[in-house]
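Subject: Structure handover

Hello,

Here is the structure you asked about, with notes on what was found in it. Please open it alongside this email as you read.

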Amino acid sequence: MRPVALSSLLLGMRELLERTLGSRVRVNLDLDARVANVLGDQTQIELAILNLAINARDAMPEGGELAIGTGSYRAAGTAELPSGDYIELTVSDTGSGMPPEIISRAFDPFFTTKGVGKGTGLGLSQVYAMARQAGGLARIQSAPGRGTAISILLPCTDDQVEVADEDVAAATAHVNAATILIIDDDHDVRRFLADSLNSFGYAVLQAEDGPRGLEALREFSPQLAIVDYAMPGMTGAEVARAIRDKDPDFPIIFASGYAETSALESFAENSVLLRKPFRLQELQDAVRQALTPTMTA
Ligand SMILES: Nc1ncnc2c1ncn2[C@@H]1O[C@H](COP(=O)(O)OP(=O)(O)OP(=O)(O)O)[C@@H](O)[C@H]1O
Ligand SMILES: [Mg+2]
C-alpha cells in the first residue's frame, strides 16, 4: 500500500467519468480539501470508482446525477474496522436503488441482476476487495426509488514517502507464502480471483486452460490449484485427473456453478468445492481448508 493523493486522483478522473456516463448524467465532485492522503493502490482505487460509476449509470437509464464526495471519518474501532482516521469516499446516484435482499448480496462475487452477457457480477466485489486490502471497508446505503450511495473507507496517512516495491513484496510474502495456480478460461474471473488472493497475501499464477495450467504446475510448483469446472478443451475434471496422476494428494479447489456440482462429487476427496456465486469469506475459507491437509480428509 502506498500513499495516494485521493483528491487529485478524483479530479484527474473527472473527464473520464463524464465521458463514460454520457450527457444525461451530471457528475458532481464534492471533495473535502482537507482530505489527506489515503493508503491504497492507485490503480485499484481508480478501477473501483469507475466500477461504481458504471453501476450508477446502469441504474439511471433516463439520466440523473452522480455525486462523488469525500470527508474524514473517525472509527472508534470494531472487529471489521480498526480505530483510527479514515477518508470516506462516497459515490451516490439518483437511480433505481436496491431493496434490502439485493443490498445484502451486492458485494458477493458473481452476484448480478443484469442479464446474461451483460454483467459478470464482479464489479462491487472488486470494490469491496480493494477496500479490505487497503485496510478499510465498503458499504451500501440504498432503497428502491431513492438512489444508492456506496461509500469506501480508506485509512488516512500523513506519509508522503514512496515505499519501495521490495518492501511491500517482502511484507506480503511474510503473511502467506503459498503460491496458488488459477486455471480458468474467463479472463475477468481469473483477474478477480488473482486480486482477491493477492489481498489475502497469496502469490498467484494464472493459466487460461488446462494444458497451460499443467505446464505452470510443473514449472513453478504451486501449493494449490483453483480449477474452473466448465472449460473448453480440457474440462476441470480432466485437469484434476492429470494433476492427481502425478501427485495424488495435490490440493485442488473446484470453482463451479450449481449445475455441475453432482459431476464433481466423485472428486470430493482431497478437493474443495467452491460454488459460484461465492462470498469472499468462502473463497478464503476454501483456500485455508485446501491448504490444511488434515481438514480435507
Ligand atoms: N448504483 C446501483 N444502483 C442500483 N443497483 C446497483 C447499483 N450498483 C450495484 N447494483 C446492483 O448490484 C449488483 C451487483 O453489482 P456488480 O457491479 O457487482 O455487478 P454487475 O454490475 O451486475 O456486473 P459487472 O461485473 O459488469 O459490474 C448489480 O447487478 C445491481 O443489481
Ligand atoms: Mg458493476
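**Notes on the model**

Pro277 sits in the loop between β12 (271-275) and α10 (280-291). Keep in mind that this is a predicted model. The peptide bond joining Lys276 to Pro277 is cis, with omega of about -5°.

**Helices α2 and α4**

Two packed helices are described by the angle between their axes and the distance between the axes. For helix α2 (residues 42-59) and helix α4 (residues 123-133), the angle is about 145° and the axes are 9 Å apart. Their crossing is left-handed.

Which residues of α2 meet α4? On the α2 side they are Gln44, Ile45, Ala48, Asn51, Leu52 and Asn55. On the α4 side they are Gly123, Leu124, Gln126, Val127, Met130 and Gln133. Sorted by class, this contact of α2 with α4 has 6 nonpolar and 6 polar residues, and no charged ones.

**The cavity**

Rolling a probe the size of a water molecule over the atoms shows where empty space is left. In this model there is 1 cavity of 30 Å³ or more, and the largest cavity has a volume of about 120 Å³.

At least two lining residues come from each of α2, α4 and α6. Of the elements, α4 gives the most to this lining, with 5 residues. By class, the lining of the largest cavity has 5 nonpolar, 4 polar and 2 charged residues.

**The pocket**

How much space lies in the largest pocket? The volume is about 780 Å³. The lining of this pocket is made of 34 residues, and those nearest its centre are Asn51, Asn55, Asp58, Lys114 and Leu124. The elements that give two or more residues to the lining are α2, β5 (84-93), α4, β7 (148-157) and α6 (187-200). Here α2 gives the most, with 9 residues. The lining of the largest pocket divides into 14 nonpolar, 14 polar and 6 charged residues.

**The loop between α3 and α4**

The count of aromatic pairs comes to 3. Phe107 is in the loop between α3 (100-103) and α4, while Tyr128 is in helix α4; the pair links distant parts of the chain, 21 residues apart.

Phe110 is found in that loop between α3 and α4 as well. Which residue other than glycine has a positive phi near 75°? That residue is Phe110.

Regards

Methods: Residues numbered from 1 in each chain as written. Chains lettered and ligands numbered in written order. Predicted model: local features only at pLDDT ≥ 70, side-chain atom pairs only at ≥ 80, totals over all residues. Heavy atoms only, no water. Axes fitted to C-alpha atoms, helices over the stretch in contact; angles between N-to-C directions. Helix = DSSP H or I, 4+ residues; strand = E, 2+ residues; numbered from the N terminus. Left-handed = near helix turned anticlockwise from the far one by under 90°. Contact = heavy atoms within 4.5 Å. Nonpolar A, V, L, I, M, F, W, Y, C, P; charged D, E, K, R; others polar. 1 Å grid on protein atoms, 1.4 Å probe; cavity = no way out; pocket = protein on both sides within 12 Å on 5 of 7 lines; lining within 4 Å. Points joined across faces, edges and corners; volume = space filled by probe spheres on them. Phe/Tyr/Trp six-rings, centres within 6.5 Å; stacked < 30°, edge-to-face > 60°.
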